[in-house]
Amino acid sequence: MNYAMDKPIRKDMITKKLQNFDLKKIAESGQCFRMNKIEDLDTIKYSIVAFDKYLEILQENDNITFFCSKEQFTEIWHNYFDLDTDYNEINALADTKDNFLMNAINFGTGIRILKQDLWETIISFIISQRNSIPRIKKCIEILCERFGERKEIDGIPYYTFPTAKKLASLQIEELNQCSLGYRSKYILETAKAVLHKEFDLEILKQMNYENSKIELMKLYGVGMKVADCVCLFSLHHIDAFPIDTHVNQILETYYKDGFPFERYSGYAGIMQQYMFYYKLNLAKV
DNA sequence: TGCCAGGCTTCAC
DNA sequence: GTGAAGCATGGC
């Protein structure tokens, strides 16, 4: 939806000068699905709903304006956008002889690995399987509008991500009507597992990468790839290296002798994200 | 029409 | 443990 026409008055805002922060690239990098461009001529402005909050962000070169209170920025968004990590330092560790990776980094600089809500990330990436990014966004939007909580800030309505309790209470037919296809049953079973504490999200947050991946894969509908996405895009285990169809094609084309995972131990996930984003946009390069 | 999309479960072996 | 079939849906 486009609320820019209404020009609502935003009371709170905080502007930061940030390096390695590209709003458009972050929004289009396929790690989050509720970040949308606000169609406003001559500005780079996006909205996002996360952690039950609605946020608008404006980018003017290195100046990033977050339309929220200073307190909310400190409590939520500073951490959400991983602002304590020096991406310059990580980018500099790449093998300069690796042409594909260097091109990917040059193309994708400004992407950051988000720290998203765990529950939302699990469901979002269950939906992502064998699905396209526009359709994933559409499915999640429907899910939120039908089963999330309607909220409003400065006259702007938005919907929170539905809770496990809410999703667990649904009939499978209600989920089927959200264009989720065969993923409906995965979502319903996962919601029930979380609601009944058969799967404890808080304990998962305390685990290391290896154990959290093993735990996530116990969920019905979560395999290696989805588990890695949750590890990377929510739990911030940046060793996780999700291999989907795109990354698999990259590995087969450019890394026939194997990707040097050991070299990038501790931050391989960031390299993966640059490569994924670059591959998505190769036709435009 | 057929192929593909940030794959997973099930089942045979 | 490995490999193949089947799976919903919509865009191209």
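This is a predicted model: local features need pLDDT of at least 70, side-chain atom pairs count only at pLDDT 80 or more; totals for chains, interfaces and linings use all residues.
Residues are numbered from 1 along each chain as its sequence is written, and chains are lettered from A, and ligands numbered from 1, in the order in which they are written.

Eleven residues from domain 1 and 16 residues from domain 2 take part in the contact, where contact means heavy atoms within 4.5 Å.

The size of an interface is often given as the accessible area lost when the parts come together. Between domain 1 and domain 2 the buried area is about 1,300 Å², and carbon and sulfur atoms give 64% of this area; buried area is the accessible area (1.4 Å probe) that two parts lose on being put together, summed over both. Phe 33, Arg 34 and Tyr 54 supply 54% of the area that domain 1 buries against domain 2, more than any other three residues. Zero salt bridges are counted between domain 1 and domain 2, a salt bridge being a side-chain nitrogen of Lys or Arg within 4 Å of a carboxyl oxygen of Asp or Glu. Four residue pairs, both at pLDDT 80 or more, are in polar contact between domain 1 and domain 2. A polar contact is a pair of N or O atoms within 3.5 Å; within protein, one must be able to donate a hydrogen and the other to accept it, and residues adjacent in sequence count only if both atoms are side-chain atoms. On the side of domain 1 that touches domain 2, β2 (35-37) and β4 (53-60) each supply at least two residues, and the largest share, three residues, comes from β4. Helices (H or I, at least four residues) and strands (E, at least two) are DSSP runs, numbered from the N terminus.

Around DNA strand C are Arg 130, Arg 135, Ser 179, Gly 181, Tyr 182, Arg 183 and Lys 185; a residue is near a strand if one of its heavy atoms lies within 4 Å of it. Of the atoms of DNA strand C that come within 4 Å of the protein, sugar and phosphate account for 55%.

DNA strand B has 28 residues around it, of which Gly 30, Arg 130, Ile 133, Gln 272 and Gln 273 come nearest. A polar side-chain atom of Gln 273 lies 2.7 Å from a base oxygen of DNA strand B. Phosphate oxygens of DNA strand B lie 3.5 Å from a polar backbone atom of Met 224 and 3.5 Å from a backbone N or O atom of Thr 245. Two or more residues of this surface come from each of α12 (224-233), α13 (245-254) and α14 (268-280).

Definitions and conventions: Side-chain values use heavy atoms; hydrogens and water are left out.
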